[in-house]
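Dear colleague,

Please find the structure below, with its sequence. My notes on it follow directly after.

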Amino acid sequence: MEEEIKYEILRIKLRRIQELNIKAKKSLLKERIPTSQSSLSIINYCLENIDYLIPVLWKNPQMNNYQKYQVYKNTRKLKMKDPGCCTIV
Amino acid sequence: MDNKAITDKIETINNQISTAKNEARSLYTEIESVKTKVRDGGLKENSYKIKSIPNHSINPKLYNTLEGHQSKISQIQWNKESDKILSGSQDGYMIIWDAITGYKKNIIELDNQWLLTCSLSPSGEMIASGGLDNNLTIYKIGDQTTNRPNVNYFNSSVQYIFKGHRAYISDSKFLNSHQIITSSGDMKNMMWDLHKGDKVREFIDHTGDILCLSTFNNENNIFMSGSCDGYVKMWDVRQKSSVQNLFISNYDINTLKVFPQGKSFVSGSDDGIIRFFDLRSDCELSQYSITSEFKNFSSEPSFGWKQDNLSSRNSLNSVSSMDSINILSVDFSRSGRLIYSCYSDFGCLIWDSLKGEIIGAIGGHLNKVNQVSVAPDGIGVCTASWDSTIKVWAP
């Protein structure tokens with residue numbers, strides 16, 4: 001009985017290694033491009049795409065929504081502070 | 001007689017195992033030699049001609065501090081239009097915030113308080129939450145267009161409770177409007193369909209808890225998962241097994257993010273190293289290590305952030321063994337030039353992905369910063385913290 005269990009475990013072990021080998025063979029067949037080539041493609045992507053989070057490289061010509069909302073909030077505050085001519089005391 | 005037969009069998013199988021092992025060894029040496037041939041310079045080596053970004057130039061301004069949660073924030077996500085943020089906290093609520101005004105738009109009371117992940121569908125109608133109860137709960141949120149406050153703050157309903165995982169759900173991501181992927185501590189990824197209302201399939205190959213997922217911007221059928229087993233695996237929902245396997249390190253992989261171009265990714269692990277991998281070359285292009293970066297500064301460090309930002313640390317010159325340098329979250333800026341990264345003890349640091357230098361930091365939280373996310377429009381950045389607030393930053 002013990003021997004049978006041992007055999008079963010070994011059988012599973014063999015199957016695992018064989019599966020791993022099949023994967024390794026597949027991985028070996030995979031086409032790989034040189035890292036210099038992939039690096040250059042990444043560098044080009046970084047340099048060509050607009051990124052307003054880097055203001056030294058990309059200056060946003062327009063106000064962004066956050067800035068617009070700040071301006072709106074400030075003008076609203078000013079309006080509320082200025083009582084105008086309709087204040088009833 | 002029987003015993004003899006079994007001993008013979010064992011002997012044959014032992015021989016087969018040793019042959020298979022030898023084959024495996026030679027295959028791995030072959031793969032390694034192929035990979036060495038391919039390695040002819042990474043990002044740093046190829047970007048020496050490019051001008052560095054000055055240290056003090058990345059200073060995003062704080063526009064909103066979103067207050068309302070009562071406990072640690074577990075996860076945050078921007079909507080597709082970059083004007084709302086979904087946050088999930090362990091206080092038992094998820095909140096949808098207006099990122100621009102800072103107001104709450106919707107509050108979702110959770111079935112299970114112990115949330116680890118929350119995710120917003122591309123249409124913004126469906127929300128998924130998962131956590132320590134092993135279930136994925138899908139909520140449908142109501143109309144948010146009305147301007148009247150307090151009317152439909154709590155307008156949401158549970159649509160599905162997906163059961164199937166045998167351990168905690170660590171991460172979830174919508175692939176499209178009706179399909180969602182989850183990763184779990186039971187070493188499986190699962191795909192669920194909202195139209196069918198059921199599990200579609202499982203993805204089995206990892207040999208440790210799966211901790212993170214990342215999806216691709218323009219591809220609805222592929223995703224990646226990172227695990228405690230040290231591997232990152234790429235999956236195609238149309239294929240049975242994983243499409244690509246990359247060994248990252250012997251430490252847990254906590255976070256993953258696919259590069260905006262979609263052919264490479266960064267991983268953040270418990271060893272404190274961010275690694276930039278390329279899927280086309282099948283190997284590493286760059287490493288970003290906080291310890292080696294600090295060693296470069298012998299006396300006064302000259303980063304572009306205030307020292308008090310970094311959780312009351314007095315000296316930045318060295319990283320002592322007491323410091324925890326685990327990486328909790330990473331994200332790319334829109335062009336991929338910046339990597340925002342959250343460290344356990346160092347707050348949120350900004351790396352130049354090409355040059356491999358730290359060029360800034362985001363500070364201001366009172367506790368560990370555990371999440372960072374850049375808006376899809378590339379303008380807003382939000383950070384979430386254990387201090388139960390979320391901060392929204394923009395240039």
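B:Leu349 stands opposite B:Ala361, a residue of strand β25 of chain B. This is a predicted model, and the pair belongs to two strands that run antiparallel: β24, residues 347–352 of chain B, is joined to β25(B) by five bridges.

Both strands are part of an open sheet in chain B, whose four strands follow the order β22-β23-β24-β25 with antiparallel pairing. At its edges are β22 (327–332) and β25 (357–362) of chain B, each of which pairs on one side only. On average, and with direction ignored, neighbouring strands of this sheet are turned by 25° against each other.

The model scores ipTM 0.86 and pTM 0.87. Chain B has a mean pLDDT of 87, with 89% of its residues at 70 or more. Residues 298–317 of chain B, however, stay under 50 in pLDDT, and the model has 39 contacts for them beyond four places in sequence. Where pLDDT is low, predicted coordinates should not be read in detail.

With kind regards

Key:
Residues numbered from 1 in each chain as written. Chains lettered and ligands numbered in written order. Predicted model: local features only at pLDDT ≥ 70, side-chain atom pairs only at ≥ 80, totals over all residues. Heavy atoms only, no water. pLDDT = per-residue confidence, 0-100. Contact = heavy atoms within 4.5 Å. Pairing = 2+ DSSP bridges. Axes fitted to C-alpha atoms, helices over the stretch in contact; angles between N-to-C directions.
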